[in-house]
Amino acid sequence: MLQGVGLKKYFPATRGLAVGRPRGWIKAVDGVSVQVAEGETLGIVGESGSGKTTLAKLFLLLERPTAGSLRFDGKAIEAFGRDDLAAYRRAVQAVFQDPYSSLNPRMRVEHIVAEPLPRDNGLSRAGVRDRVGEVLQLVGLRRDSAALYPHEFSGGQRQRIAIARALVTYPKFIVLDEPVSALDVSIRAQILNLLKGLQERLGLAYVMISHDLAAARYLATRLAVMYAGQLVETGECDAVYARPLHPYTQALLSAALPLHPSARRQRIVLTGEVPNPMNPPAGCRFHPRCPHAMPQCRTAEPVFKEVERGRFTACHLY
Amino acid sequence: MSPRRRRLPWFAGLVLAALVVAAVFAPYLAPHSPTEGDLIKKSIPPIWMEGGNPEHPLGTDRFGRDVLSRIIWGSRISLVVSLVAIGVAGTLGTLLGLVSGYRGGRTDAVLMRLTDIGLSLPTILIAVVMVAVSEPSFRNVVLVIALLLWPRFARQVRGETLAIKEHDFVALAVVAGRSSAWIIRRHIFPNVVPTLLVISTLQVGYVILLEGTLSFLGVGVPPPNPAWGLMIADGRGFLATAWWMSLFPGLAMLLTVLAVNLMGDWLRDHLDPRLRQVGPQVELLGPAVTQPESTPARGIAAASGEP
C-alpha cells in the first residue's frame, strides 16, 4: 500500500536575479491525500499544470514533500533506513512519457534494463542477463535486443524497453507518467494492452498520470481528478465516468471525445483560465470558472469528503 | 539555421599528419642536431637566397644550428606539451565540471566562482610569477598551462552536464536507486565525451600559442631545447638581417594552430552542431610575429568554408 497523506510541494518563485528570499511559492501540489492498493490502477487526471507530474515525482522520491508524508506499507518515508529505502526503490518503478529521453543513447539495452537491479542482488552475470532476457520477452521484444543500442528501436519499442526496465526488480508499483502520450495513436493501443496484460499476469499496481482521458479510462480502476494542485474528486473509474460529481470533473469529461462518434454529447465549456499556482483563488479554487458557483464558494474552502460510498469530492454542492 | 555540411578539411589533416610524423620520427627526419651548432656556419640564409647552403635548407641561427632540424624537433615539444597539459587540465576541469553541474546549489556556486577566478588569471602575470619563484622547466610549463586551461573545460562540461541532467534517464537512474557517482559515470560522462573531444581539439591551438608565449618570455621550455617560441625569441634581435630565424618557426606555429582550429571546427560540426564557440578568444600577449594566429578560429573557418 502506497499512501500519500496531506502531500504538499511548493517551489520557490525567484526573481530574475536569484538573490534574497523568493517572492512567492508555486503551490504545485497543495494538500493531496491519496492511496494506491496493490493490484489496482489509480488514474490521476487533470489538465496541464494541475500538479499531476509533481505528485508522481513525490511518489518516486524525486522531490521531497514540503509538508505531509508518504507512507509505504504503513511506514513513513522519513523514518526509512537504508534497507527500507532500497526496498522502496525495488518496489516502486517508473515509466516516463518520452521514450527518447528516458533511454540513455550511449548504453546498451542490456545495461539500461538491468540498471534498477541492486548491485548486491546476489545474481551472477549470467543471472542478470537471464532476467533481462526474461523481461524483454515479457514486453514482447526479442531476447537478443539486449545487445543493441536505443537508437535501433522505434518509439513504441523504446517504450517497451522502458517498461521492461521497470519490471526487472519484480516491483509492486509502477508510476506511469503519461506512458502513451508521446506515441503514435496506432501504437498507443498496443502499449496500453501490454500494460493491462502485464498487470493481470504480474499483479502490478499502477499509478497512471494522464491527461488522455480515454487512456486513463482504459487502464484505471480508480480515478483521481486534480485541479490547481488539489484533488477535486476520486472514485471508482466507471462510476466517475458514468456520473461525475464535481463540476470540474463534469466539464473535463465533457471535453473528451465520446466513445462513439454519433453519441450525443453535451459540452460544458469553461470560461476563464487555470488559476495562478502562486496565488490561487480563495475559497474553492474552481469557483471563478464554475457554472454552479455559490456565494460561499468564494470564501470557504470545500472539504474533501465522502459524499457517497467510495465517492469523494470537494464541493459545496454536496 | 541548419549547420552546413562541411567537408573534411584535408589541408588541416595533412598539416596535422605531418606534424605528428615530424614529432614521432624527429631523430630520423632531422638532418642535423637541434641543439648543437657550428659557429662557423652561423646565420646562413635559406637555400634559395644568396649564400644559402643545401645542407641547411631553412638556414641556420646565430649559433649555427639548423633551423629546419630545430623546427622538426620543436614539433615534438609543442605536441607533448599540448597533450600533457590538455590531459591534466581536461581531467581536472571535466571532473569539477561534472560535479559542479550535477550537484548544483552551493557546490556549483563555489566551483564556478573558482572557475571565474581561473578564467580571469592574466597569462603574463602568471608567467612573471613563475619566473620569480622557479626555474623554467618542462613540468612548470605544463603546470602553468594547465592552471590557465582547466576552467575552460570545467565551464563547458558543467553546461553540458546541466543539459544532460534534465533527461529522463537521469531521473530514472535515481528512481532505480543508483548513486550520484554511478549516474555521473554511466550517464553524464559518456554523453559529455563528444563535447570534450571538440573542446580538447580547439584548445590545442591555444596551448601551442601559450607555450610559444611562455618560451618567448623565457619562462617556458628552457634553452637550448628547440621550442618554437624560444626560436622566435632568439631571432628577434635579427629580424632585419636574419629574418628566417624567427619567421620559419613562426610559420610552423601559424600552420599548426590554423590546422588544429580548422579540425576542431570540423569535429564540432560533425559531433555536436549545438556547441557554441568555446571560451573567450585566445588572448595573446606575446610577440608580434605570432599574432596572425590569434584571429578568431571561427573567422578562419567560416572564410575557408565559403565555396
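Good morning. The model before you is a predicted one.

I begin with chain A. Its assignment gives domain 1, made up of 2-14 + 32-220, and domain 2, which covers 247-318. The C-alpha centres of domain 1 and domain 2 of chain A lie 30 Å apart. Where these domains of chain A touch, domain 1 contributes five residues and domain 2 contributes five residues. On the side belonging to domain 1 of chain A, three of those residues are nonpolar, one is polar and one is charged.

Let me turn to the sheet of chain A. Eight strands form an open sheet with mixed pairing, and their order is β6-β7-β8-β3-β9-β10-β12-β11.

Strand β3 (residues 41-45) and strand β9 (residues 222-227) of chain A run parallel and are joined by four bridges. Which residue of β9(A) does A:Gly43 stand opposite? The residue is A:Leu223. Helix α1 (residues 52-59) of chain A packs on the sheet, where it touches β3, β6, β7 (173-177), β8 (205-210) and β9 of chain A. The direction of α1 makes about 150 degrees with that of β8(A).

Next, a pair of helices in chain A. Helix α5 (residues 155-167) and helix α6 (residues 185-202) of chain A pack at an angle of about 15 degrees, with their axes 10 Å apart. Because angles under 35 degrees count as roughly parallel, α5(A) is roughly parallel to α6(A). The crossing of α5(A) past α6(A) is right-handed. From α5(A), the contact draws on A:Gly155, A:Gly156, A:Gln159 and A:Ile163, and from α6(A) on A:Ile187, A:Gln190, A:Ile191 and A:Leu194. By class, this contact of α5(A) with α6(A) holds four nonpolar, four polar and no charged residues.

Finally, the interface between the chains. Here 15 residues of chain B are in contact with 17 residues of chain A. On the chain B side, α7 (168-175) and α8 (180-216) each supply at least two residues. The largest share of that side, seven residues, comes from α7(B). In composition, the side of chain B that touches chain A has eight nonpolar, four polar and three charged residues.

Thank you.

Key
Residues are numbered from 1 along each chain as its sequence is written. Chains are lettered from A and ligands numbered from 1 in the order in which they are written. This is a predicted model: local features need pLDDT of at least 70, side-chain atom pairs count only at pLDDT 80 or more; totals for chains, interfaces and linings use all residues. Two residues are in contact if their C-beta atoms, placed from the backbone, lie within 7 Å. Ala, Val, Leu, Ile, Met, Phe, Trp, Tyr, Cys and Pro count as nonpolar, Asp, Glu, Lys and Arg as charged, and the others, Gly among them, as polar. Domain bounds come from an automatic or database domain assignment. Two strands pair if DSSP finds at least two bridges between them. Axes are lines fitted to C-alpha atoms, for helices over the stretch in contact, and angles run from 0 to 180 degrees between N-to-C directions. Angles under 35 degrees count as roughly parallel, over 145 as roughly antiparallel, 65 to 115 as roughly perpendicular and the rest as oblique. A crossing is left-handed if the near helix is turned anticlockwise from the far one by less than a right angle, and right-handed if clockwise.
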